[in-house]
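Visitor: Could you take me through a few features, giving the general idea before the particular case?

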Amino acid sequence: TLLSLIELAELGDAIMTTTPITLFAPTDSAFAKLPKDVVDAAVDPLNRELLVDVLLSHVIGTVVSSSTLGQIPMLPSLSGSQLFLDRDTITVVDVQSNTSGMVVAPFDTFATNGLIHAIDEVLVLSKPPPPSTNSTNNIMENLEEAGDYSTLILLLTFAGLDSVIAEHDGLTLFAPTDDALQAMPGGLLAYLMFIEPDLLTDVLLYHAADGVVLSSDLEDGMLVPTLFEGEDGFEDVVIGVGGGEVTVNSASVVEADVICSNGVFHGIGTALNPLKWNTTLLGVLGPEYSTLVQALMAVGGGPPPIFEGNTTLFAPSNDAFAALPSGTLEALLADPDTLNQVLMHHNVPGILNSSDLVPGETLTTAIGDELTVSVGTDTSMCPFTPCGEEEFCNYDLIESFCELCDDVYPNCQYVSEVQGQQECERKCGDSERRLSEPT
């Protein structure tokens, strides 16, 4: 079947005389898997250019033996599409679609001008458009048309970069999909948008590069300078090519070479990170704090002063908000000024670890009112309750050890050692137990 199609496309002389080449030759059974309408379209004289393109997508202009497939992960085919090669799989990445074929016997068939490897699938692809202004849509318009980048469009517009991305001539954008941005740490997008908009701009610029960089230009380990300027100049992203995929830093390219009137964009499956997001306030909040994030978004630009510099946030969980009287949360969300005061009441200047908190201590919040620290667990579990100090009880932080029965019992700084001993005696029934000093 392959031979008849090569003859029909009048490519026989080219394939026999071009040197050196490697031909990934679909078997007859591979062609038999194709839908009839695809085969009919391929042999239609009106589609001769398409047939030539499909056949040349199976040919590369160098000799690659089966033993070296993993060493040369990506090569251009004679049609202009890209072949990603590993030891077992040949994958062609094209603008329109992705197909792959497994190398099967016979392989490493020598010819006077190269090698032939049999594969079990036909790589049905068309030639990608050349790097030009063939598309009448700019990058922003093509992002919108693609349908998978609505969150990115929102962020670019919010940051005032939409016109830059639409009008900058000769631009490459590594575009995170909606799924990629929604997978970011909970609260981070709200933090970047409403608390640190300058950081949002930095993050977005880290996804853009000056100049048109196509997949055919990429090499493993290649550095691409972005438009994000760090302390040491414009920051690079690192290209990875191998294992049947292309990565930008650690983000997989999920859509390649979307040609636009002012450049190109590549869809990526993970947002790129030029910042230490895991240490960013609110960037570490998970889904159990989604109501807090909603509150921050409702305040809008109000709360930045309380988040500037080092600060400690006592973050109400979703359950905490749910425990408010009915209608309270809705009223706060509708009143940004009051909501802002409530949020500021949860912030204390300076970084306080749990070990820094002392029972009974008074903390001054960002708006000057006071919070009182109470450290402990549910006092209903304390064997000494009631003792009159339940508000500041931390009995579980002080334990005593019974040397004879090898048991640990809770002690408390607000009750005597005798009471602790009595609790142990009650538990093990031996009044002669000797007690060590509290740990």
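**Strand pairing, a salt bridge and a helix**

Guide: Let us begin with a single pair of residues: in this predicted model, glycine 242 has glutamate 245 of β12 as its bridge partner.

Visitor: Which strand is joined to β11 by 5 bridges?

Guide: Strand β10 (residues 223-230) is, running antiparallel to β11 (residues 233-242). The two strands form a hairpin with 2 residues between them, and glycine 230 is found opposite glycine 233 of β11.

Visitor: How many salt bridges does a search of the whole structure find?

Guide: As a general idea, side chains of opposite charge can pair when their charged atoms come close. Here the search finds 1 salt bridge, in which the side chains of glutamate 121 and lysine 33 meet at 3.1 Å, N to O. The pair links distant parts of the chain, 88 residues apart, with glutamate 121 in the loop between β7 (114-119) and α6 (139-146) and lysine 33 in the loop between α3 (28-32) and α4 (36-43).

Visitor: What is the relative accessible area of glutamate 121?

Guide: Glutamate 121 has a value of 28% and is partly exposed, while lysine 33, at 48% relative accessibility, also counts as partly exposed.

Visitor: Which residues of helix α7 are buried?

Guide: In general, an α-helix has 3.6 residues a turn, so residues three or four places apart point the same way. In α7 (residues 150-158), the buried residues are Thr151, Leu152, Ile153, Leu155 and Leu156, and just after this helix glycine 160 adopts a positive phi of about 75°.

How values were computed:
Residues numbered from 1 in each chain as written. Predicted model: local features only at pLDDT ≥ 70, side-chain atom pairs only at ≥ 80, totals over all residues. Heavy atoms only, no water. Buried < 20%, exposed > 50% of the residue type's maximum accessible area, 1.4 Å probe, protein only. Helix = DSSP H or I, 4+ residues; strand = E, 2+ residues; numbered from the N terminus. Salt bridge = Lys/Arg side-chain N within 4 Å of Asp/Glu carboxyl O. Pairing = 2+ DSSP bridges.
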